[in-house]
Amino acid sequence: PASRGAGSRRGEYLAVEPAATAQRATSDLAVLTSISKDTIKLIFDRFDLDGDGTLSLGELSSVMKVMAIRPPSDTAIRRLFNSMDVNEDNRVTLNEFSDWILDTGTASFKGVIEIVETTEGARTLAWCIQDMQRPPAVLDLEREVKLVEGADLRSEISQLDQKGFAAILCLSVATEPVRRVMEAVYMLLLPSTGLSSIHNLSPPEWPGLRSHLEDSTTLSRIHDLRARQRELSSRPMWGAYAAKTFFTVQAPDPDLIALEGDPSQPLSFERVLSASKAQFESTEEKNPVVLLYRWILALLGPDLLELARKRGQQSKGGGHGQAVNVETEQAGEPL
């Protein structure tokens with residue numbers, strides 16, 4: 001399962017907040033050398049996905065691509081693995097792993113260690129590894145839109161209070177679906193800030209995203225669903241861009257794939273619900289992330305249906321309501 005996950009879902013990763021205290025931020029090496037052997041063993045065991053007592057390249061790849069702020073390239077992970085594998089037998093033992101952490105370490109690995117040793121990080125990592133091992137599903141855009149048909153979304157979204165919204169923003173780590181939901185919220189709120197163009201727009205990293213959404217007016221703007229719908233109806237390119245960004249897999253640039261990895265998976269109710277349950281240890285569907293996902297569907301419904309229509313035309317005999325999993329449009333095609 002580790003090798004299978006390592007090559008198929010590189011876009012899967014956690015958004016990570018920097019070290020919380022000044023003491024831990026003073027020196028990367030100081031942070032690494034302060035770790036006890038028991039903690040190193042705990043981290044090693046969590047990396048050892050098949051439980052055989054050693055780490056393979058595939059296991060290291062799977063965890064690094066989940067836990068890193070940016071999914072590292074295969075070349076970077078191979079270099080990291082080789083620096084640990086002293087006897088060059090393509091397996092990393094606990095002793096080699098410990099020696100590497102205490103002797104060398106890297107700044108990029110520091111963030112992984114800080115998260116893996118926490119309960120929240122371990123729980124979220126477990127969800128991400130399971131998700132990586134699932135085969136990607138074909139997203140049915142029409143089915144997603146039907147989830148909110150006939151629903152009183154204004155009443156639903158009013159249930160999102162400051163406490164629930166703050167619970168999301170307090171996360172030090174966020175699974176990919178949770179992070180992507182918040183990126184979509186950020187993007188769909190931008191028209192209300194007076195931004196006139198969406199070209200060359202990229203959501204900030206998790207700490208920056210949280211900072212933007214902590215604005216005191218954010219929640220009230222989310223609650224005003226009709227105003228947001230009017231904004232998008234007057235900016236048709238905006239909704240089309242957001243639908244394409246968050247509900248399709250963009251064809252990667254072959255010149256950048258080695259550096260950036262595979263693109264993120266599309267948002268779907270199933271993955272959002274599963275990920276948010278893991279993050280909040282909640283069994284209720286109406287948790288804050290799911291409420292925000294339904295808000296996104298309400299705003300982008302027409303654009304998603306248009307996207308589904310185009311996919312139906314492109315996939316000859318592909319079946320009603322299906323959407324291809326990989327974006328095939330040329331970069332210059334109008335949205």
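Trainee: Which backbone nitrogen does the side chain of Glu96 reach?
Mentor: That of Asn87, at 3.2 Å. Keep in mind that this is a predicted model.

Trainee: Where does Glu96 lie?
Mentor: In helix α7, which covers residues 94-103.

Trainee: And which side chain of opposite charge is nearest to Glu96?
Mentor: Arg91, but at 8.6 Å. Glu96 has no salt bridge, even though Glu96 is buried.

Trainee: What else does Glu96 touch, leaving out residues up to four places away in sequence?
Mentor: Met84, Asp85, Val86, Asn87 and Arg91.

Trainee: New topic. At what angle do α13 and α19 pack?
Mentor: About 110°, with the axes 8 Å apart. So α13 is roughly perpendicular to α19. For orientation, α13 is residues 176-189 and α19 is residues 269-280.

Trainee: Which residues make the contact?
Mentor: From α13, Glu176, Pro177, Val178 and Val181. From α19, Arg271, Val272, Ala275, Ser276 and Gln279.

Trainee: Let's stay on Gln279. Buried or exposed?
Mentor: Gln279 counts as buried, because its relative accessibility is 4%.

Trainee: Which backbone nitrogen does its side chain reach, then?
Mentor: The side chain of Gln279 reaches that of Thr175, at 3.0 Å.

Trainee: What does Gln279 touch beyond four places in sequence?
Mentor: Arg123, Thr124, Leu171, Val173, Ala174, Thr175 and Val178. Thr124 is 155 residues apart from Gln279 along the chain, yet their C-alpha atoms are separated by 6.3 Å.

Notes. Residues numbered from 1 in each chain as written. Predicted model: local features only at pLDDT ≥ 70, side-chain atom pairs only at ≥ 80, totals over all residues. Heavy atoms only, no water. Helix = DSSP H or I, 4+ residues; strand = E, 2+ residues; numbered from the N terminus. Buried < 20%, exposed > 50% of the residue type's maximum accessible area, 1.4 Å probe, protein only. Lys, Arg positive; Asp, Glu negative; His and termini not counted. Salt bridge = Lys/Arg side-chain N within 4 Å of Asp/Glu carboxyl O. Polar contact = N/O pair within 3.5 Å; in protein donor to acceptor, adjacent residues only side chain to side chain. Contact = heavy atoms within 4.5 Å. Axes fitted to C-alpha atoms, helices over the stretch in contact; angles between N-to-C directions. Parallel < 35°, antiparallel > 145°, perpendicular 65-115°, else oblique.
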